[in-house]
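Keep the model open as you read.

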Amino acid sequence: MIKVIVAKDYEDASDKAFEVFKEFIKPGKVLGLATGSTPLGLYARMVKDHKENGTSYKDIKSFNLDEYVGLPITHPESYYAFMHRNLFDQIDIPEESTHVPSGLGEDLEGQAKKYDEMIDACPVDCQLLGIGSDGHIAFNEPGTSFTSGTHVTDLAESTIKDNCRFFDNDISKVPTQAVTQGIGTIMKAKNILLIATGANKANAVKAMLEGPIDEACPASILQKHASVVVIVDEPAAALLQNK
Ligand code: GLP
C-alpha cells in the first residue's frame, strides 16, 4: 500500500520526510540510505536533531543503495564520500555499522552477492529512496527485473546526463556503471520512504503511482509493497490525477 503525501516545496517535503523517518531512528533499527540531491534536506534535519536533541545512532546500522563502479572512495562524488560528508561524519554512527556497496574490486558480482547476504541477515526497517527522472530506483534502470538482487549495471543515457552536474558538467567524467541493490533487495525492506521533488520528476511520479506495474518504470513495483510512504512536492505531483 502506498500513502502519498503532497508537500508544498522541497523544504516542506524534507520536514515531512523527517517526521516519517525519525520513527525509525531508534536503537536496534536498520536504516536503508540513499544518495542524490533529494535526501540532502532530510540528512540536514537528522544532523540538526542529533546535535540539538542528542538523538543517537550508536546502535543503528545502515545500508546504502548503490555506488559508482570505478570511483575510489576518496573521490568526492563517490557515494561513500557523499554519505560521510552529508551524514555519517556529523552523527555518532560507528563506521563499522555503515555499509555502502563497493564499486572497486576484481569480483564485483561476488561482492554484490555478499552485500545481499548481509542485508538478509540484517533486514532494513525503513528504506529511503529517491527516484530518477526515468523512474529508476537506486540504479535500477528501466527494464531491470523486479526480482533482481544487488548487481552491476550500466547507467541509462538519461541518468548519465542527469548526474553530469556532479562531475563538472563533463559527461566524459560520469561513470557509466554502478553497483546497485536490486529491485528484489529493495522490496525486502519492511517499510519504504520515497521522496520526489521538482518538475523533472513529474512524469516518473505519475508512472510510479498511476501507471501499470511494469519493468519500464522500475518504481511502479512499489505499488505491490505492503508499506510505502511517498512524499512529493507540488511540482512533482503536477501530473497526478488523484492528489
Ligand atoms: C541517482 C541515484 C538514485 C537517486 C536518483 C535521483 O542516480 N542512484 O538513488 O534517487 O539518481 O537523484 P536526485 O535526488 O539527485 O534527483
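The crossing of helices H1 and H2 is right-handed, meaning that the near helix is turned clockwise from the far one by less than a right angle. The model is predicted: local features need pLDDT of at least 70, side-chain atom pairs count only at pLDDT 80 or more, and totals for chains, interfaces and linings use all residues. Residues are numbered from 1 along each chain as its sequence is written, and side-chain values use heavy atoms, without hydrogens and water.

**Helix packing**
- H1 spans residues 10-21 and H2 spans residues 40-53; helices are DSSP runs (H or I, at least four residues) numbered from the N terminus.
- Their axes lie 8 Å apart, at an angle of about 55 degrees.
- H1 makes the contact (heavy atoms within 4.5 Å) through residues including Tyr-10, Phe-18 and Phe-21.
- On H2, the contact residues include Leu-40, Arg-45 and Asp-49.
- By class, this contact has 7 nonpolar, 2 polar and 4 charged residues.

**Cysteines**
- The structure holds 0 disulfides (cysteine sulfur pairs within 2.5 Å).
- The sulfur of Cys-122 is 15 Å from the closest cysteine sulfur, in Cys-126, so it is too far for a bond.
- Cys-217 is buried at 8% relative accessibility.

Methods: Axes fitted to C-alpha atoms, helices over the stretch in contact; angles between N-to-C directions. Helix = DSSP H or I, 4+ residues; strand = E, 2+ residues; numbered from the N terminus. Nonpolar A, V, L, I, M, F, W, Y, C, P; charged D, E, K, R; others polar. Buried < 20%, exposed > 50% of the residue type's maximum accessible area, 1.4 Å probe, protein only.
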